[in-house]
Amino acid sequence: MKRKNYIGYGIAVVFTSVALLLALHHLPPMNILGWELRNVDMLSQLREPDTASAASEAPAPPKRVKPAYVDSCPEGVQCIVDYSNNNRGMVPLYEAMSQCTKTGSELRIAVLGDSFIEGDIVTDRLRELLQKRFGGSGVGFVPIVNEAYGFRRTVLHRFEGWNAHYVNAPRSYNNRLAILSGQYFIPQNDASVTLSGQRTYLSRLDTCRRASLVIRSLVDNAVTATINGSQKQHFDIAASNQLQQVTVDAPIGKVRWNVAVGGDSVVCYGATMDGGTGAVVDNFAMRASSGIHIANISKDMLQQYDRLRHYHLVIVMYGLNVANSNQRNYSHYGKKMCDAIEHMKAAMPSTGFLVVGVGDREERIDGTLHTMRGIKELMAEQQNIASTEGIAYWSLFDAMGGAGSIAKMVESHPRQANLDYTHINHLGGKHLAKLLYDAIMAGYDNHLRRLAYENE
């Protein structure tokens, strides 16, 4: 019996099936009883991909979001908290530091405070550290008459023929005549003031490149500068109700200023010794001051002074005369200080501001030393001032070591603070100046890294 051959049938079935499957790829989309049939394509693996179609159908990759730069704080440094979002904190100083590094221009800091910084304490060492880092020389601004001139080690200072007026002696004081220092001085005829560089105390104080006298004279006047005891320069001063600055440029170790015409129509404020480049730190100490007097200084006078001697940063360092062991609420003081800072901000529109909180202060309770009651509440209010005003804040209390730190400074050998457990001495000022310098430089390093990160 002859067996039937099915091979041909099998080949025919395979080809027929392949043909049907190839044909199914060209059928239009079909829907049967609500079910959409999938498109069949046996050759999908062999076809060139439709990149245009795939690109149009694929979702766009998410946009890369660069995380915000986060400041770091070196171990052992009490860093500055900057509440500013409009360059009224530390940024103007950091930009001046960067510019000074590139071009040798000046960067200027004013420190406003009470007896805690009297005698150039803290500011003397801060000035030296900044001048070593950024260049510069000289002691900066010195009031014509200085109550602590024998206590101040950074300059040899002599003055003759002046009537002094201070904000803390209000009977003879006129707010409309004062500048940041809260002081002004009326000369008699041929009054003089002499500044001599200090050779033995700190570096960069013995000589400077530029010396100035700040004066307002409502009458024609004449000023003579005697440089290094022999070289004289004469200046004719035209009558004006504006502040003027008479300046000499030379290698200067000693300068004497004489004002020919005195009387109530003439007001002088201070003499300066600067490097012309690098760092300048001016000390404006006012004994027994709380700082609120600044709100009453004439805005016009602040503006005039800012045009003559612009500061990139003003450090506001008050508190000793406000702290009270019986007080817990300092909101009234906070409001007054906000007014004072707001007043300065309006008159000095491109200056940054830093509030330094009060340091540790001790009192005896039942014969035992404790941090004064009310100190921490005052610190909190000072930080609130900085936050409210959108400026910077630095906690001196925490930088010192917190509660009991002033007692440790008193008990150290050699002693760094006085037996009143309130005021520091020059050695203590050296210690605190380094803490503040480290905080400023940590902020500056963060500023540079942030700029580099944002420009990547």
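Modeller: A residue counts as exposed when its relative accessible area is over 50%, and as buried when that value is under 20%. The model is predicted. With those cut-offs, take helix α7, residues 375-389.

Start with its length. At 1.5 Å a residue, the 15 residues of α7 should span 21 Å. The end C-alpha atoms are 21 Å apart, so expectation and model agree.

Next, burial. The buried residues of α7 are Ile 375, Leu 378, Met 379, Glu 381, Gln 382, Ile 385, Ala 386 and Glu 389. Viewed down the axis of α7, they fall within an arc of 165°, so they line one face of the helix. The face turned away from that buried side carries Lys 376 and Thr 388, both exposed.

What covers the buried residues? The cover includes α6, β16 (352-356), β18 (368-371), β19 (392-394) and α8 (396-400).

Now the packing against α6, residues 331-347. The axes of α6 and α7 lie 9 Å apart, at an angle of about 35°. Their crossing is right-handed. From α6, the contact takes in Ser 331, Tyr 333, Gly 334, Met 337, Cys 338, Ile 341, Glu 342 and Lys 345. α7 supplies Leu 378, Glu 381, Ile 385, Thr 388 and Glu 389. By class, the residues of this contact are 6 nonpolar, 3 polar and 4 charged.

Note on methods
Residues are numbered from 1 along each chain as its sequence is written. This is a predicted model: local features need pLDDT of at least 70, side-chain atom pairs count only at pLDDT 80 or more; totals for chains, interfaces and linings use all residues. Side-chain values use heavy atoms; hydrogens and water are left out. Axes are lines fitted to C-alpha atoms, for helices over the stretch in contact, and angles run from 0 to 180 degrees between N-to-C directions. Helices (H or I, at least four residues) and strands (E, at least two) are DSSP runs, numbered from the N terminus. A crossing is left-handed if the near helix is turned anticlockwise from the far one by less than a right angle, and right-handed if clockwise. Contact means heavy atoms within 4.5 Å. Ala, Val, Leu, Ile, Met, Phe, Trp, Tyr, Cys and Pro count as nonpolar, Asp, Glu, Lys and Arg as charged, and the others, Gly among them, as polar. The expected span of a helix is 1.5 Å times one less than its number of residues. Buried means under 20% relative accessible area, exposed over 50%, partly exposed in between (1.4 Å probe, protein chains only). The arc is that of the directions from the helix axis to the C-beta atoms.
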